[in-house]
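This report covers the metal sites, the nonpolar cores and selected backbone features of one model. The sequence and structure come first.

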Amino acid sequence: MKITYYGTAAGEGWPGIFCNCEICQEARRLGGKNIRTRSQALINDDLLLDFPPDSYLHSLYYGLDLGKVRTLLFTHSHSDHCHALDIELLREPYSHTYTGQMQIYGNDAVQKAISDACNGLGSEEYRFQYHLLECNQTITTGGYTVTALRATHDPGERCLFYRVAQGDKSVLYAHDTGLLTEENLQCLSEQKGKLNLVSFDCTCQKDRDGKYHMGFADAVEQKDVLLRRGLADENTIWVVNHFSHNGGWLHEEISRRAKEQGMIASYDGMAIEF
Ligand SMILES: [Zn+2]
Ligand SMILES: [Zn+2]
Ligand SMILES: [Zn+2]
């Protein structure tokens with residue numbers, strides 16, 4: 001199994017799209033891994049996690065082949081995760097080569113956004129099928145077993161995060177969310193096997209949160225929780241991801257702190273095979 005991070009920033013991007021604060025200026029000056037686009041990751045080459053406005057940029061400059069994606073999982077409808085307008089471009093005359101129907105999963109807020117963008121849902125010519133997911137629901141799609149978990153995030157919608165498994169390998173992609181709940185842990189404990197890779201929200205970096213996002217200290221604590229509950233083990237790969245300029249740590253600093261805790265700080269273009 002392979003995960004590739006295409007976008008590793010929070011909603012404003014880093015540097016923030018309209019921001020010239022000190023740390024955004026520093027990110028612009030240093031470039032490289034300090035330049036972070038909006039949230040997106042790919043499992044292998046055919047299961048996509050979220051579809052931000054930077055998806056097109058990811059396809060142009062980061063080598064993301066959207067034509068190969070068969071399954072798209074949406075976490076929630078916030079603009080850094082759901083750019084519904086481009087979903088219409090799957091159909092003719094915008095794409096001449098996408099075959100079959102993309103299987104798209106998410107909540108009702110994402111469903112409405114895509115429906116509004118595409119004059120309804122699900123007709124064959126649009127080349128996608130939309131499936132509503134409930135919390136703690138497990139489905140199989142495209143050779144993957146996907147479990148949707150309830151995120152501690154915007155209470156205005158049913159935000160989800162995902163466990164994705166293929167064969168005996170699995171990933172927990174926990175964005176955007178605060179601390180894992182007892183309900184989350186219970187649901188995870190009903191799945192087979194230890195988590196091979198866990199990707200934690202780390203939007204707030206130096207600050208704690210837990211109710212909407214996580215800071216670095218929250219992520220470190222959650223790592224311990226998963227280990228104590230036997231959901232992960234000494235072979236699990238730990239990633240922190242989804243960073244905001246308000247968190248205050250450029251790549252070198254978050255990377256160093258993550259390493260000290262046996263974790264990896266994501267950057268745009270980072271790929272991990274396991
Ligand atoms: Zn976000
Ligand atoms: Zn800034
Ligand atoms: Zn969000």
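Donors are N, O and S atoms within 2.8 Å of the metal (3.2 Å for Na, K and Ca); water is not among the atoms, so sites may look incomplete. Four donors count as tetrahedral if all angles lie between 85 and 135 degrees; four count as square planar and six as octahedral if opposite donors are over 155 degrees apart and all others between 65 and 115, and anything else is irregular.

Asp-176 coordinates both the zinc ion (ligand 1) and the zinc ion (ligand 3), which are 3.9 Å apart. Asp-80 and His-81 are both buried, where buried means under 20% relative accessible area, exposed over 50% and partly exposed in between (1.4 Å probe, protein chains only).

## Basis of the model

This is a predicted model, in which local features need pLDDT of at least 70 and side-chain atom pairs count only at pLDDT 80 or more, while totals for chains, interfaces and linings use all residues. Residues are numbered from 1 along each chain as its sequence is written, chains are lettered from A and ligands numbered from 1 in the order in which they are written, and side-chain values use heavy atoms, with hydrogens and water left out.

## Zinc ion (ligand 2)

Cys-19 (SG), Cys-21 (SG), Cys-24 (SG) and His-245 (ND1) coordinate the zinc ion (ligand 2) at 2.1 to 2.4 Å. The site is tetrahedral, with angles of 95 to 120° among its 4 donor atoms. Ideal angles at a metal are 109.5 degrees for four tetrahedral donors. The sequence spacing of the donors is C-x1-C-x2-C-x220-H.

Cys-19 has a relative accessible area of 17% and is therefore buried. Cys-24 is also buried, at 0% relative accessibility.

## Nonpolar cores

The largest nonpolar core has 37 residues, and Phe-200, Phe-216, Leu-226, Val-240 and Met-263 touch the most other members. Such a core is a set of buried Ala, Val, Leu, Ile, Met, Phe, Trp, Tyr and Cys residues joined through side-chain atoms within 4.5 Å. At least two residues of this core come from each of helix H1 (22-30), strand S10 (169-174), helix H4 (182-189), strand S11 (197-201), helix H5 (216-228), strand S12 (237-241) and helix H6 (251-260). Helices (H or I, at least four residues) and strands (E, at least two) are DSSP runs, numbered from the N terminus. H5 gives the most, with 5 residues.

Apart from neighbours within four places in sequence, Met-263 is in contact (heavy atoms within 4.5 Å) with Phe-200, Phe-216, Ala-219, Val-220, Lys-223, Trp-238, Val-240 and Ala-258. A second, separate core of 25 residues includes Ile-43, Ala-148, Val-171 and Ile-237.

Arg-158 sits in the loop between strand S8 (144-150) and strand S9 (160-166). With 15% relative accessibility, Arg-158 counts as buried. Its side chain reaches the backbone oxygen of Leu-133 at 2.2 Å.

S7 and S8 pair in the antiparallel sense over 4 bridges; two strands pair if DSSP finds at least two bridges between them. One such bridge links Thr-140 to Thr-145 in S8. The two strands form a hairpin with 2 residues between them, and Gly-142 in the turn has a positive phi of about 55°. In strand S7 (residues 138-141), Ile-139 and Thr-141 are on the covered face, and Thr-138 and Thr-140 on the uncovered one. In a regular strand the side chains alternate between the two faces of the sheet.

## Backbone exceptions

Most residues other than glycine have a negative phi, and most peptide bonds are trans. A cis peptide bond joins Trp-14 and Pro-15, with omega about 5°; Pro-15 is in the loop between strand S1 (2-7) and H1. Another cis bond, also with omega about 5°, joins Glu-92 and Pro-93.

Gln-205 has a positive phi near 45°, lies in the loop between S11 and H5, and is buried at 1% relative accessibility. For His-242, phi is positive and near 70°. His-242 is found in the loop between S12 and H6 and counts as buried at 1% relative accessibility.

Key:
A polar contact is a pair of N or O atoms within 3.5 Å; within protein, one must be able to donate a hydrogen and the other to accept it, and residues adjacent in sequence count only if both atoms are side-chain atoms.
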